[in-house]
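Biologist: I have the sequence and the fold on the screen. How do I read the features one by one?

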Amino acid sequence: MLSRGSRSSLVLPLLVTLVHLCLTRPSFSSSSSTDGFVFGGCTQQKYEPDSAYESNINSLLTSLVNSATYASYNNFTVTGSSSHDVVYGLFQCRGDLAMPDCATCVARAVSQLGGLCTQTCGAAIQLQGCYVKYDNATFLGVEDKTVVLKKCGPSEGYDADGLGRRDAVLGSLAGSGGPYRVGGSGEVQGVAQCVGDLSFGECQDCVSDAIGRLKNDCGQAVYGDMFLAKCYARYSTAGSHFYSKPHNDKSSNDGEKTFAIIIGLLAGVALIIIFLAFLRKICEGHGK
């Protein structure tokens, strides 16, 4: 049998544990892998093997990978003895990625560039979580709204309410500030991002253009992607695209159920101990 002091001493640790579990509840993310391939492209111009330009590319890509360990965006210019050897490059991670995930994504993007663009003077690759580009022609700080990738889902048809939510989400993305923007309404989710070398005004212009093209080209599609050279805008309904939460996310549901059971049990035990301590105090009062 526990003494009153022992019972009372259990209450605080249990409540602390309960609060700690609430504050440290795991995040049941359902987004797909950040290294999923979205698109890639290469310039036609080639460089000579073992040339100064090849050495500069290797130096640039090493700098991008290293920089991704502490920043979500950076650009570099590597110069040489000749103006023909100059190479410009940048990387950017999706705005919600933690630094370790950003670094991993950039390293994987760089590792794929060699096989994707062999000995080309310029290349670009977009993964789900990051973007990497280099070229011998400067593109840093230059606004570019060229359509790089357009992808629309099946047109199952929204009702008027669904279309209204989709347009409201896209409108919120256009009106938000900052290079990375997210929004949602009901089952509709949206995300947009500009490359970090654009000014605020250029970013607004680029995102607005991407959203306008997205609404016009994808119509009533259940999801849509519009990647321009310096920004993108994407939307989806629940379960229809990469950043939507699946309806049947078993691991997520099981984890949430387990968490709820643990919290319920701990709360029940804490309440019982408090109640028993209260009863003992009343009984001792009556005995006196």
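**Loops, rings and spaces**

Modeller: Asp50 lies in the loop between E1 and H2. Helices (H or I, at least four residues) and strands (E, at least two) are DSSP runs numbered from the N terminus. This is a predicted model, in which local features need pLDDT of at least 70 and side-chain atom pairs pLDDT 80 or more, while totals for chains, interfaces and linings use all residues. Residues count from 1 along each chain as its sequence is written, and side-chain values use heavy atoms, without hydrogens or water.

Biologist: Is Asp50 buried or exposed?

Modeller: The scale is relative accessible area: buried is under 20%, exposed is over 50%, and partly exposed is in between (1.4 Å probe, protein chains only). Asp50 has 74%, so it counts as exposed.

Biologist: Which value does phi of Gln119 take, and where does Gln119 sit?

Modeller: Phi of Gln119 is near 55°, again a positive value in a residue other than glycine. Gln119 is placed in the loop between helix H3 (99–116) and E4. Its relative accessibility is 29%, so Gln119 counts as partly exposed.

Biologist: How far is Gln44 from Ala123 in sequence, and how far in space?

Modeller: They are 79 residues apart in sequence, and their C-alpha atoms are 9.6 Å apart in space. Gln44 belongs to the loop between E1 and helix H2 (52–67). Because its relative accessible area is 80%, Gln44 is exposed. A second case is Ser172 with Gly183: 11 residues separate them in sequence and 6.6 Å in space, C-alpha to C-alpha. Ser172 is in helix H4 (residues 160–175) and is partly exposed, at 33% relative accessible area.

Biologist: Now the rings. How many aromatic pairs are there?

Modeller: A pair of aromatic rings is described by the distance of the centres and the angle of the planes. Rings of Phe, Tyr and Trp (its six-membered ring) pair if their centres lie within 6.5 Å; planes under 30 degrees apart are stacked, over 60 edge-to-face, the rest tilted. The structure holds three such pairs. In one of them, Tyr47 and Tyr53 have ring centres 5.7 Å apart and planes at 55°, so this pair is tilted. Tyr47 and Tyr53 are both buried. Phe227 and Tyr232 make another tilted pair, with 4.9 Å between centres and 35° between planes.

Biologist: Which residues do the ring pairs link into a cluster?

Modeller: Phe39, Phe227 and Tyr232 are joined into a cluster by ring pairs. Phe227 is buried because its relative accessible area is 2%, and Tyr232, at 9%, is buried as well.

Biologist: What sits over the ring of Phe139?

Modeller: The test is whether NZ of Lys or CZ of Arg is within 6 Å of the ring centre and within 35 degrees of the ring normal. The charged end of Lys133 sits over Phe139, 4.5 Å from the ring centre. Likewise, Arg166 lies over the face of Tyr235, 5.1 Å from the centre of that ring.

Biologist: How many cavities of 30 Å³ or more does a search of the whole structure find?

Modeller: On a 1 Å grid over the protein atoms alone, a cavity is a set of points where a 1.4 Å probe fits but cannot get out; a pocket is an open set with protein on both sides within 12 Å along at least five of seven lines; lining residues have an atom within 4 Å of a point. Points join across faces, edges and corners, and volume is the space filled by probe spheres set on them. The search finds one cavity of 30 Å³ or more. The largest cavity has a volume of about 140 Å³. It has 19 lining residues, and those closest to its centre are Gln92, Gln126, Tyr131, Val195 and Tyr232. Domain 1 (37–135) and domain 2 (147–237) both contribute to this lining, so the largest cavity lies between them. The domain bounds come from an automatic or database assignment.

Biologist: And how much space lies in the second largest pocket?

Modeller: About 210 Å³. Its lining has 17 residues, with Phe39, Ala124, Tyr131, Lys133 and Val148 nearest the centre. Strands E1 (37–42), E4 (123–127) and E5 (130–135) each give two or more residues to this lining.
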